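Subject: Structure handover

Hello,

Here is the structure for your files, with notes on what was found in it below. Please read the notes with the structure open.

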Amino acid sequence: MSVLFYARKSMANNQGEYPIYMRITIAGERFEIGTKRFILSENWSAETGRMKGVSSNARSVNTLLESLLSKA
């Protein structure tokens, strides 16, 4: 089982923000779930799968992603 968080650039909203999706892969089958959070591309780190920075918004988004990861 593997879990990946990524910003889906093909689904940008009117403000130019991308939705954050969680992809779960189990035995070669993929399941994608939207997190209902949006970020700007310059605030996203594709290498870590987390939001950059130490602002309160970045901390809350990264905490949400960690809780989703532990639930998965």
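Of the contacts in the chain with a separation of 6 or more, 27% are between residues 24 or more positions apart; contact means heavy atoms within 4.5 Å. This is a predicted model, in which local features need pLDDT of at least 70 and side-chain atom pairs count only at pLDDT 80 or more, while totals for chains, interfaces and linings use all residues. Residues are numbered from 1 along each chain as its sequence is written, and side-chain values use heavy atoms, with hydrogens and water left out.

Overall layout

The chain has five strands and one helix, in the order β-β-β-β-β-α along the sequence. Helices (H or I, at least four residues) and strands (E, at least two) are DSSP runs, numbered from the N terminus. The radius of gyration is 12 Å, close to the 11 Å that the globule rule gives for 72 residues, so the chain is as compact as a globular protein of that length. That radius is taken over C-alpha atoms, and the rule is 2.2 Å times the number of residues to the power 0.38. The C-alpha trace spans about 35 × 25 × 20 Å along its principal axes.

The accessible surface of the chain is about 4,900 Å², and carbon and sulfur atoms hold 51% of it. Accessible areas come from the Shrake-Rupley method with a 1.4 Å probe, and for residues only the protein chains shown count as cover. Of the 72 residues, 29% count as buried. Buried means under 20% relative accessible area, exposed means over 50%, and partly exposed is in between (1.4 Å probe, protein chains only).

The core

The largest nonpolar core has 12 residues: F5, A7, Y18, I20, M22, I24, I39, W44, M51, A58, V61 and L65. Such a core is a set of buried Ala, Val, Leu, Ile, Met, Phe, Trp, Tyr and Cys residues joined through side-chain atoms within 4.5 Å. Two or more residues come from each of β1 (2-7), β2 (18-26) and α1 (56-71). Strand β2 gives the largest share, four residues.

R50 lies in strand β5 and counts as buried at 17% relative accessibility. Leaving aside neighbours within four places in sequence, R50 is in contact with F5, N43, W44, S45, N62, L65, E66 and L69.

Salt bridges

Side chains of opposite charge can pair when their charged atoms come close. The structure holds three salt bridges, each defined as a side-chain nitrogen of Lys or Arg within 4 Å of a carboxyl oxygen of Asp or Glu.

One joins E66 and R50, with the closest N and O atoms 2.7 Å apart. E66 is in helix α1 and R50 is in strand β5 (residues 50-51), so the pair ties together parts that are 16 residues apart in sequence. R50 is the buried residue described above, whereas E66 is partly exposed at 40%. Elsewhere, salt bridges that share partners join R8, R23 and E32 into one network.

As for accessibility, E32 is partly exposed at 35%, R8 is partly exposed at 25%, and R23 counts as buried at 19%.

Surface and backbone

M1, I26 and F31 form a nonpolar patch on the surface, with about 330 Å² of accessible area together. Patches are made of residues with over 30% relative accessible area and no salt bridge; like charges are joined within 9 Å, and nonpolar side chains (Val, Leu, Ile, Met, Phe, Trp, Tyr) within 5 Å. F31 is found in strand β3 (residues 29-39) and is partly exposed, with a relative accessible area of 43%.

Two backbone angles are worth a look. A27, in the loop between β2 and β3, has a positive phi near 50° and is not a glycine; A27 is exposed at 82%. K36, in strand β3, has a positive phi of about 65° although it is not a glycine. K36 is exposed at 78%.

Regards
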